[in-house]
Amino acid sequence: MNVSDALKTRRSIRGYKPDPVAPELLEKIFDQARLAPSNCNTQPWHTVVVSGQARKDLQAAIFEEIMSGKTPSPVFTPGDSGLSGVYKERQYQCAFTYYGVMGIERHEKEKRQQLALKNWEFFDAPHVAFISMPASMGPINAIDIGLYLQTLMLLLVENGLASCPQGALAFYPDPVFKIANIPEGNAIVCGISFGYEDVGARINDVIMDRDPLTDLVQFID
Ligand SMILES: Cc1cc2nc3c(=O)[nH]c(=O)nc-3n(C[C@H](O)[C@H](O)[C@H](O)COP(=O)(O)O)c2cc1C
């Protein structure tokens, strides 16, 4: 598979088979992802991969927080806050596409909330990773995390795996910090659920389009 094929194949997948990924394959993929570039080679990413019983326990602990009514406490400002103009429109279109595939209408608030909760079920994926960087770092360093994330997602595709990057996984950090040795001073930027795609799952019919090249890139001679 070449890079163009991997790019075209990758989509955010939200329905998984329960089958775990072989530990050797996991190690190979995360070893290769280290090759992502970063500002001054600072490599600000730190990753915790949670699987098996630990993953089940973590889901339960996060749900306990959610059900107790705890307010989400992400350290970094979530990507969907304060959007306006074209960005708000694209966010709306994204939600419209997603709920549309799932047969949920705009006024069906409870169904939308139920679907949103799937984020913290890790979309039933057998593995979830949490990516953190020093909380003192800013948006330029967050570029490095983005590059690392895309590198990881393409490697997963190359190895027949699917994933869903999730800003939502930064919302309830305490249970993650309780089980993982995350470097002191770090904060979670995002998480990523991954595993083998459940190809028949309706939720995976979601296809997000992109704006045309002419709206996004200017070529000047
Ligand atoms: C940094 C980042 C955070 C995201 N957070 C979430 C999330 O919390 N939940 C979710 O279902 N999808 C999340 N997504 C997936 C986006 O909705 C998805 O990438 C976008 O709609 C484009 O669709 P595609 O990935 O299928 O091409 C996130 C994507 C990125 C890059």
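Student: How do the residues of the shell around the ligand divide by type?

Tutor: Sort them by side chain: Ala, Val, Leu, Ile, Met, Phe, Trp, Tyr, Cys and Pro count as nonpolar, Asp, Glu, Lys and Arg as charged, and the others, Gly among them, as polar. Here the shell has six nonpolar, four polar and four charged residues. This is a predicted model, where local features need pLDDT of at least 70, side-chain atom pairs count only at pLDDT 80 or more, and totals for chains, interfaces and linings use all residues. Numbering starts from 1 along each chain as its sequence is written, and side-chain values use heavy atoms, leaving out hydrogens and water.

Student: Which residues are the closest to the ligand?

Tutor: A residue is near a molecule if one of its heavy atoms lies within 4 Å of it. In this case 14 residues surround the ligand, the closest being Ser-12, Arg-14, Asn-119, Gly-167 and Arg-210.

Student: Which side-chain atom lies 2.9 Å from a nitrogen atom of the ligand?

Tutor: Look for polar contacts, pairs of N or O atoms within 3.5 Å. A polar side-chain atom of Asn-119 is at that distance. Pro-165 brings a backbone N or O atom to 3.1 Å from a ligand nitrogen, while the Arg-10 side chain has an N or O atom 3.0 Å from a ligand oxygen.

Student: How many salt bridges does the structure hold?

Tutor: Side chains of opposite charge can pair when their charged atoms come close. The cut-off is a side-chain nitrogen of Lys or Arg within 4 Å of a carboxyl oxygen of Asp or Glu. The structure holds seven. One of them joins Lys-70 and Asp-174, with the closest N and O atoms 2.9 Å apart.

Note on methods: A polar contact is a pair of N or O atoms within 3.5 Å; within protein, one must be able to donate a hydrogen and the other to accept it, and residues adjacent in sequence count only if both atoms are side-chain atoms.
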